[in-house]
Amino acid sequence: MRNWTWVLALTLIVASAVFAAAIVAPTLFAKPPQQGQIGTAQVPWAYGYNTPAKAGDGPPAAGGGGGNPPDNVTQKHVDGSTLAFTQAQIGNGFGPADWFPNDHPQMPDIVAHGKRADMVTACSLCHYPNGKGRAENAGVAGLPYDYIVHTLNDFKNDARKSGDPRKANTNRMIGFTKVMTDDEIKAAAQYFSSMKWTPWIKVVETSTVPKTRIAGGLYVALEGNDKEPIGQRIIEVPVNGEATETLRDPHSPFTAYVPPGSLKKGKVLVTTGGGGKTIACGACHGADLQGLGPLPGLAGRSPSYLARQLYDIQNGFRHGSWTDLMKPVVAKLTPDDIIAIVAYVSSLPAASEGAR
Ligand code: HEC
Ligand code: HEC
């Protein structure tokens, strides 16, 4: 009898060790996926595409200089600014228009002008001078200094890529970090972390959304009132397409349309972990999800951006030394869970009284 017990116990120990090795080893030792390798849970909407990437897809070829150069005569305006800029100035990669100079502290050179010699585009072109960013890139205002330095180095060291090989602007972002000095990284981190994140995305549950076109990863509502089913997507559009897309107005906000029921489902997952499906986010990102120590705030940020990150982390495209803490959070999430989680998180107020 006694022998049997031992044999059984030993067999169980060996069996569970083999079982554990089989599960753990591939995740510990597997090479991170190469860019262009296709994950299983596709969320192409988050990357600005209607259909999943196919093997072999890459970023679109750079424009071949076709079309007219941007107009450098007509003076344009945005609501609330007394300044005027031409379209050429608005899109100038080495010193884009700053519509609201009183919005923000003085920009360090790398943020205001980039670095022409190394083809580093001014951070303020894509992320705006106030760091609010757009759905197709990232909001960077109010992220902790240490987090910004860390994640820029992850980009630099190939620990952070896009899960969608077609996403050209992420590739450009990676390219900039490769030629940024430590001092430039610190200056940019100091600048963007010195500003608060403030709300500007309205989350709306709906089963139908405006028909859209996609411009460089940004969804823009078409003229007219044509609608289509939302399906399992989040459609994040500028409230004023012209102000955002053409004039790059950093005060012009966004609406994020999310499937019905997302907020309720997301709240359960985010606040309780959903009975083991994930881990409640507040423990690490702060009770109000506005960041904790070096960890980034999530509340009120772009749901498309957040979904890309959860997907990139889940599929190993983002795998820096801090990313391990997020692995158990995302391991069991389905694309629908991701939609619900980011919808809820984005709907939260960005800054409560007395936050950081
Ligand atoms: C061509 C547009 C573009 C420019 C210019 C640009 N970025 Fe980015 N940046 C992006 C995109 C796109 C992402 C998001 C990547 C993703 O979603 O996968 C990003 C992400 C980031 C993030 C990560 C945010 C987070 O929450 O983890 C930081 C920090 C950042 N950029 C800083 C900078 C700095 C500093 C500069 C200037 C040197 C800069 N960016 C210039 C496009 C740009
Ligand atoms: C055990 C701690 C921990 C928990 C719990 C946790 N996170 Fe995180 N999270 C992190 C860390 C650490 C990072 C930074 C990862 C990196 O730098 O790659 C992060 C990064 C992220 C990012 C990327 C942010 C950005 O600006 O790019 C998102 C999105 C995110 N977490 C969402 C969530 C959500 C949603 C939950 C709850 C469902 C959650 N996290 C729970 C530790 C945690």
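Visitor: Which residues does Asp 312 touch, not counting residues up to four places away in sequence?

Guide: In this predicted model, Asp 312 touches Ser 162, Gly 163, Phe 317 and Arg 318, once residues up to four places away in sequence are set aside. A contact requires C-beta atoms within 7 Å. Asp 312 itself belongs to helix α11.

Visitor: How far apart are Asp 312 and Ser 162, along the chain and between C-alpha atoms?

Guide: They are 150 residues apart along the chain, yet their C-alpha atoms are separated by 6.5 Å.

Visitor: What makes Asp 312 count as buried or exposed?

Guide: The criterion for burial is 20 or more other C-beta atoms within 10 Å. Asp 312 has 25 such atoms within 10 Å, and is therefore buried.

Visitor: What makes β6 and β7 a pair?

Guide: Pairing requires at least two bridges between the strands. β6 (residues 235–238) and β7 (residues 254–258) are joined over 4 bridges, in the antiparallel sense.

Visitor: Which way do the residues of β6 point, and are they buried or exposed?

Guide: Ile 235 and Val 237 point one way from β6, Glu 236 and Pro 238 point the other way, and all are buried.

Visitor: Why are β1 and β6 said to stand at the edges?

Guide: The open sheet has 3 strands in the order β1-β7-β6, with mixed pairing. β1 (201–205) and β6 each have a single partner strand, so one side of each is left without a neighbour in the sheet. From one strand to the next, the twist averages 20 degrees.

Visitor: What do β3 and β4 form?

Guide: They form a hairpin, with 2 residues between the strands. β3 (residues 212–215) and β4 (residues 218–221) run antiparallel and are joined by 4 bridges; one of the pairs sets Thr 212 against Ala 221 in β4. In the turn, Gly 216 has a positive phi of about 55 degrees.

Visitor: How do you know that the span of α7 is close to the expected one?

Guide: The expectation is 1.5 Å times one less than the number of residues. For the 12 residues of α7 (residues 182–193) this gives 16 Å, and the helix reaches 16 Å from its first C-alpha to its last. The buried residues of α7 are Glu 184, Ala 188, Ala 189, Tyr 191, Phe 192 and Ser 193. Their cover includes α3 (109–113), α4 and α5.

Visitor: Which residues come nearest to ligand 1?

Guide: Ala 188 of the buried set in α7 is one of the nearest, together with Thr 121, Cys 123, Cys 126 and Asn 137, out of 24 residues around ligand 1. At least two residues each come from α4 (123–127), α5, α6 (168–178) and α11, and α6 supplies the largest share, 5 residues.

Visitor: What is the make-up by class of the shell around ligand 1?

Guide: It has 15 nonpolar, 7 polar and 2 charged residues.

Visitor: Which residues are closest to ligand 2?

Guide: Of 24 surrounding residues, the closest are Cys 281, Cys 284, Trp 322, Thr 323 and Leu 325. The elements giving two or more residues to this shell are α5 (145–156), α10 (282–285), α11 (303–314) and α13 (335–347). By class, the shell around ligand 2 has 16 nonpolar, 7 polar and 1 charged residues.

Visitor: How many helices and strands are in the chain?

Guide: There are 13 helices and 7 strands. Of the 356 residues in the chain, 38% are buried.

How values were computed: Residues are numbered from 1 along each chain as its sequence is written. Chains are lettered from A and ligands numbered from 1 in the order in which they are written. This is a predicted model: local features need pLDDT of at least 70, side-chain atom pairs count only at pLDDT 80 or more; totals for chains, interfaces and linings use all residues. A residue is near a molecule or strand if its C-beta atom, placed from the backbone, lies within 6 Å of it. Ala, Val, Leu, Ile, Met, Phe, Trp, Tyr, Cys and Pro count as nonpolar, Asp, Glu, Lys and Arg as charged, and the others, Gly among them, as polar. A residue is buried if 20 or more other C-beta atoms lie within 10 Å of its own, exposed if 12 or fewer, and partly exposed in between; C-beta atoms are placed from the backbone. Axes are lines fitted to C-alpha atoms, for helices over the stretch in contact, and angles run from 0 to 180 degrees between N-to-C directions. Two residues are in contact if their C-beta atoms, placed from the backbone, lie within 7 Å.
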